[in-house]
Amino acid sequence: MKRFLYLLILFCSLSIYSQTTISGKVLDSKGNPIFGASVYLDGTYDGTSTDEKGIFSFKTEENKSQTIVVSFISFETFTKTAEVSLLQNLTIKLKDDVNSLDAVTINAGTFKAGEKAKVTVLKPLDIVTTASALGDVFGAILTLPGTSTVDEDGRLFVRGGEAEETQIFIDGIRVFTPYSPTPNNTPTRGRYSPFLFQGITFSTGGYSAEYGQALSSVLDLTTIDKPDQEKTDISLMTLGLGVGNTQIWENNSLSVNASYINLAPYLEAFPDRNKWLKPVQSLNGEMVYRHSFKDDSMLKIYGAYSYSDLDIIQEDINFDDGFRFGLQNRNLYVNSSYKNKIGNNWRIQGGLSFTNDNSTIKIFDDVINSNENSAHFKVKLRKQFTSRFRVSFGSEYFITNFDENYTPTNQPEFNYGFNKSIFASFAETDIFFSKNLAAQIGVRGEYTNVLNEFTIAPRMSLSLKASKNSQFSLAYGMFYQNPKNDYLKFSQEFSSENTSHLIANYQHTKKNQIFRVEAYLKNYKDLIKFDTNLPNFNTNFNNNGNGYAKGIDVFWRQNQKIKNTDYWVSYSFLDTEREYRNYPIKATPNFASQHNFSFVAKHLIEDWKSQVGITYNFASGRTYTNPNEAGFLNNKTKNYNSVSLNWAYLIDAQKILYLSVNNVLGTKNVFGYNYNNTADINGNFDRQAILPNADRFFFIGFFWTISDDNKSNQLDNL
């Protein structure tokens, strides 16, 4: 019995003796104690939490080498492997988690939308619920700061840049002809349905080194990865009809949209100022196929085809019988993209696109036929070495073949065009010094064969989080762009146009609200100049043009602070001058407004099962040349004003009736003036105001969604 008691006491003594105390203190980067941090040995049940002084202590029977783990929300997890006897009186400083929701974001010049965006200023749904947008991607973007209202055109004019200075991408792959062609003074629309996109990245300047060939802006649209349900959409509109269907099977899905537009019935009900020999009719179709692989990789194939046809006689002071313009256009766009993880934190993504655009334009009896074939190939690799350091790099190749022939009345045919290829490589790194400080540094190199030119464009940005809800950002970059097709088809003796961007940004965000203010300065160099009214075979070109654009953009959005109400306000101040094209002096271009203002509001009336919306757009007058006075671009039009309203009524979970009226007040907006080519007996030139085709535009639609999932009963189904 005594021997047994002795052995028992000896065993307990050895057990007590074999326990080791692990202890220390956990602090943040500023040396403040962290209360409630979890501390444990990996692979064991031994551990504890820190007290209010950040101190921890616990015992373990483990020996030899062990790994201690310390974790706490919004901080990076700390690990250390050492002999157990050395894990005592530790002082552990946790680093801020740079991936947390309250961490700094690199955002100078960029608006993002979608599920993955930490801060959303514009949702894809806003495209179809903004009164003035009429379901057009570009119409919704025009309510954001940095854009100018050029209502007779409809394309994106950003921060003093021409529309050609903004490039459009789908899933990171270039779209060469994103707009539908229209007659003079008729706003264009985008070719692509907004219902196929889940995210939007709109950069008004200072954008990533991944993108090139854009002096002003980049718009990247991300298609939906995985549709949430099978459904059929049917729409009946004042302009035509449309149908869409989505099918899902295993790891595959297919979405198809088709629409037919014919303005003849609409023009009978709401005549405009023109004589239509053949009202606009168009046929559009889109398809997206998606396949998800087991390793989370994704393949998407996107295709779109559009055909449009019109013939119009427009009023013109220089033609007694009007100006005749006929157009036939067909456009094919195919886009394929792939993304995958390839191990050890590497990601690869890439794709290709092909565009064929063919237009036949008839001006009186003269005929111009143009055909463009363009392709884009791209591959990008990304490596996340740590949560604070990642690198991306890649290469891309652009090809364009452009041919045009011009057949004047009773004269021989002229043929001209060009072949162009661009090879580009880019590299960029994101460095997070802390949760409050981050930098992005990149460089892009491009070689263009037709210009025999190589350019290098550095890009960099820095973001500092000033408080929980606010941050400051700075960005600088160089940007190059080849001369546009209208010049290259007549001459290739150019160098690239270029500009530099300097941007300072402040952003404050809280739940359901965001405030942004951004100042910028752009300096243009090597802009194209020519010595004729319009470029032609006899034109002399040079790269001696220059200019600047500077201004301030302000954006404010608030959601649900007023019950069931969402609204945003945009304001832009722009000061810009250019000496380019055939300008005799440096002057403010006729597409640039000094002041642009937009107000958008949407309100849900639950008892009426309705959503009502309003958009107000204002733009100060734009320059034009009055030949009756001395000077160039010496006058300004009156200010632009437009109020648009929309109403959506939810008949049931699947049916929506939609009504929209643009410029509901019928404001007589003037976009400029055409002057007579010859003066009267007093030496004065008569003029004619350039007006929109109609004072108001009405849109009525009925949308019917047929699906097996009717769980949602919100107007967001629109």
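Reader: In which loop is Phe364 found?
Author: This model is predicted. Phe364 is not a glycine, yet has a positive phi of about 55°. Its place in the chain is the loop between strand S19 (346–363) and strand S20 (366–386).

Reader: Is Phe364 buried, exposed or partly exposed?
Author: Buried means under 20% relative accessible area and exposed means over 50%, with partly exposed in between. Phe364 has 30% relative accessibility, so the residue counts as partly exposed.

Reader: How does Asn89 count by relative accessibility, buried or exposed?
Author: Asn89 also is not a glycine and has a positive phi of about 55°. Asn89 lies in the loop between strand S6 (78–83) and S7. With the limit for exposed set at over 50%, the 68% relative accessibility of Asn89 makes this residue exposed.

Reader: Which strands stand at the edges of the open sheet of three strands?
Author: The strand order is S4-S1-S7, with mixed pairing. A strand at the edge has a single partner strand, so one side of it is left without a neighbour in the sheet; these strands are S4 (55–60) and S7 (90–93).

Reader: Which residue in S4 stands opposite Lys25?
Author: Strand S1 (residues 20–27) and S4 run antiparallel and are joined by six bridges. Opposite Lys25 stands Ile55.

Reader: Which element gives the most to the largest nonpolar core?
Author: This core has 28 residues, and Ile141, Leu156, Tyr192, Leu219 and Tyr302 touch the most other members. Among the elements that each supply at least two residues are strand S9 (166–170) and helix H3 (137–141). The most, four residues, comes from H3.

Key
Residues numbered from 1 in each chain as written. Predicted model: local features only at pLDDT ≥ 70, side-chain atom pairs only at ≥ 80, totals over all residues. Heavy atoms only, no water. Pairing = 2+ DSSP bridges. Core = buried A, V, L, I, M, F, W, Y, C linked by side-chain atoms within 4.5 Å. Buried < 20%, exposed > 50% of the residue type's maximum accessible area, 1.4 Å probe, protein only.
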